[in-house]
Amino acid sequence: MLQKLKKYFGFTEFREQQKEIIEKIIDKKDTLVLMPTGGGKSLCYQLPAILMEGTTIVVSPLISLMKDQVETLIENGIPARALNSTNSEEENYILKRDCLQGKVKLLYISPERLLLEMNFLLKDINIALFAIDEAHCISQWGHDFRPEYTQLKCIRSQFPEIPIVALTATADKITRSDIIEQLDMRNPEVFISSFDRPNLSLEVKRGFQQKEKNKYIIDFIRRHKNESGIIYCMSRNKTESVAQMLMKSGINATIYHAGLSAAKRDEAQEDFINDRAQIVCATVAFGMGIDKSNVRWVIHYNMPKSIESFYQEIGRAGRDGLASETLLFYSLSDMILMNKFAAESKQQEINLEKLHRMQQYADSNICRRRILLNYFGESMDHDCGHCDVCKNPPQRFDGTITVQKALSAVARANQNISIGVLIDILRGNYSTEVKSKEYDRLKTFGAGRDISARDWQDYLLQMLNLGYFEIAYNENNHIKITESGKKVLFSSEKAELVIINRDDTKVNINKKSPTKEKQLFIFAGEGGIEENNLFDELRALRRKLADQQAIPPYIVFSDKALHLMVHYKPMTIEELGNISGISEYKRDKYGKEFVTLIKRVIGK
Ligand code: ADP
Ligand code: ZN
């Protein structure tokens with residue numbers, strides 16, 4: 001197994017659980033594999049496919065996913081094909097012939113197509129294993145339900161002897177039992193990995209105004225020269241305005257949302273995958289079916305509606321296991337808008353609760369990774385050391401007077417004001433509404449002049465999250481004081497607020513974080529000029545070779561493999577072949593060109 005692992009995948013060791021999973025599969029046991037995105041699921045059926053006699057049939061829901069997997073396998077010298085509607089008649093003819101002759105180790109197929117071929121092609125092939133990828137698509141309760149998946153039950157009835165492995169990155173219990181039941185799996189061995197993604201850093205920026213947000217993003221992108229990233233925005237319009245904002249600063253960005261034509265969307269996706277576009281400004285419509293392994297960062301321009309969405313979206317970064325950054329912006333105005341959407345939605349209660357949990361994450365004072373893992377039912381007993389709270393624990397002060405000033409103004413205005421007017425009253429601004437309602441006569445008018453409007457925004461967001469007031473979305477977003485708010489206002493119960501600290505808006509380059517996963521970060525962007533130069537040249541060569549074959553650059557070599565080349569500077573093809581992730585096939589195919597380049601750049 002280890003020998004084949006090195007030969008075909010270039011790895012010298014298994015990741016947690018991979019070995020056990022593979023052994024069960026080879027032993028012809030049904031298996032269910034739950035692993036996070038980037039965890040290494042594909043290897044769990046690809047290595048058995050190589051080791052077992054016959055062809056492994058892989059059911060996959062999206063053509064783009066199949067294409068990516070097949071290209072990756074072929075690049076490693078493994079005979080794989082995809083049977084789907086984009087093939088020509090002729091292609092399918094050759095493909096079927098190869099299958100019948102036993103020349104194909106892995107055959108990717110869509111569920112519809114599988115049903116069509118059930119009594120024909122499949123009956124004539126020597127099948128080793130069925131692998132059901134993205135198996136959660138079978139569950140009606142999940143977010144990616146696909147009716148065709150529910151018909152996969154016939155695999156078991158038609159091929160009772162052949163083992164089934166189902167794989168997914170969705171971990172909840174309902175989905176799990178749905179998969180087992182609907183595929184009619186026999187006493188399956190269930191493997192659940194940790195859903196932690198230690199290579200993703202977690203950072204939240206609270207209360208930034210649009211200008212500051214934009215500036216921060218521009219600086220961020222400049223620090224991530226040439227690195228692929230996604231900016232998720234709340235609306236289609238936002239994706240366009242953010243992209244325009246970036247272009248004005250000379251940063252090229254493409255746009256992706258459901259309002260664009262299919263052709264435009266495909267183009268944006270292809271440009272991103274092939275490193276022609278560094279950045280995509282997208283709505284949540286973007287991402288499904290993107291296997292690009294070298295997404296180095298994900299920014300949320302607005303807050304997502306739930307932790308599930310958030311985790312899925314940031315999960316698109318760092319699939320290759322290299323350090324990747326995630327950044328979430330979180331503001332009071334987003335908060336109000338999102339709450340309004342949730343309150344007006346069909347499943348109001350659930351959506352508000354989900355949003356509430358997301359809000360708790362964004363506003364957390366404890367390790368953010370603990371909150372995420374806890375949410376997914378995993379308990380983590382230590383802080384991660386790699387999120388912004390761990391790196392920079394929030395400092396508090398006695399904010400009782402600040403809270404009292406705000407709540408008192410609300411009370412005196414009969415709880416009939418929104419956040420904007422409240423800040424006008426506190427700051428002593430003679431705005432139209434203040435004048436027309438005569439709020440300038442209130443005792444609290446101007447009582448909070450010493451605090452800037454933006455700091456008030458921040459404190460009010462904190463107060464909202466501490467539960468001192470609520471926002472009545474059905475009453476023009478007016479502020480209503482809660483019972484705990486009353487305790488601070490009338491019974492002088494103490495209120496603690498977090499000190500606003502915007503110094504860190506500059507930069508915190510902290511890639512050398514002292515974590516257990518240190519090896520994950522060691523190679524990312526630490527080099528001197530010469531090494532950076534070598535990296536750029538390697539990237540350019542990778543891009544050239546990828547373009548020649550019309551495949552994405554990350555399929556030629558992962559970012560990680562390039563970083564390792566910079567680190568070890570292999571001088572012979574054999575040395576290059578020792579690098580993790582470089583299979584024999586790739587070593588022989590590309591070794592010479594890369595070694596020649598390394599020698600030239602470092603002058604040997
Ligand atoms: P998933 O399908 O679970 O999202 P992949 O199968 O695409 O994840 O694997 C994610 C990354 O991890 C890939 O770049 C893959 O090459 C790498 N990987 C998988 N197994 C190993 C291993 N044993 N050692 C090192 N890297 C691995
Ligand atoms: Zn942490």
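Which element gives the most to the lining of the largest cavity? I will come back to that once we have looked at the chain as a whole and at the ligand, and please keep in mind throughout that what we have here is a predicted model.

Let me start with the overall fold. The secondary structure of the protein chain comes to 28 helices and 17 strands. Its radius of gyration is 27 Å, which is close to the 25 Å that the globule rule gives for 604 residues, so the chain is as compact as a globular protein of that length. If you take the principal axes and draw a box around the C-alpha atoms, that box is roughly 90 × 65 × 45 Å.

Now to ligand 1. There are 15 residues surrounding ligand 1, and the closest of them are E13, G38, K41, S42 and R319. Sorted by class, this shell divides into four nonpolar, six polar and five charged residues, and its largest share, three residues, comes from helix α3, which runs over residues 41–51.

Where are the polar contacts? A polar side-chain atom of R319 lies 2.8 Å from an oxygen atom of ligand 1, while a nitrogen atom of the ligand is 2.9 Å from a polar backbone atom of E13. An N or O atom in the side chain of R15 is 3.1 Å from an oxygen atom of ligand 1. As for how far the ligand is covered, ligand 1 taken alone exposes 570 Å², and the protein buries 81% of that.

When a probe the size of a water molecule is rolled over the atoms, it shows where empty space is left. In this structure there is one cavity of 30 Å³ or more, and the largest cavity has a volume of about 40 Å³. Its lining is made up of D196, R197, L200, L202, Y311, I314, R369, L372 and L373. Two or more of the lining residues come from each of β8 (200–206), α13 (307–314) and α16 (368–375), and, to answer the opening question, α16 gives the most, with three residues. By class, the lining of this cavity has six nonpolar and three charged residues, with no polar ones.

Terms used. Residues numbered from 1 in each chain as written. Chains lettered and ligands numbered in written order. Predicted model: local features only at pLDDT ≥ 70, side-chain atom pairs only at ≥ 80, totals over all residues. Heavy atoms only, no water. Near = heavy atom within 4 Å. Polar contact = N/O pair within 3.5 Å; in protein donor to acceptor, adjacent residues only side chain to side chain. Areas by Shrake-Rupley, 256 points an atom, 1.4 Å probe, with all protein chains shown as cover. Helix = DSSP H or I, 4+ residues; strand = E, 2+ residues; numbered from the N terminus. Nonpolar A, V, L, I, M, F, W, Y, C, P; charged D, E, K, R; others polar. 1 Å grid on protein atoms, 1.4 Å probe; cavity = no way out; pocket = protein on both sides within 12 Å on 5 of 7 lines; lining within 4 Å. Points joined across faces, edges and corners; volume = space filled by probe spheres on them. Rg over C-alpha atoms; globule rule 2.2 N^0.38 Å.
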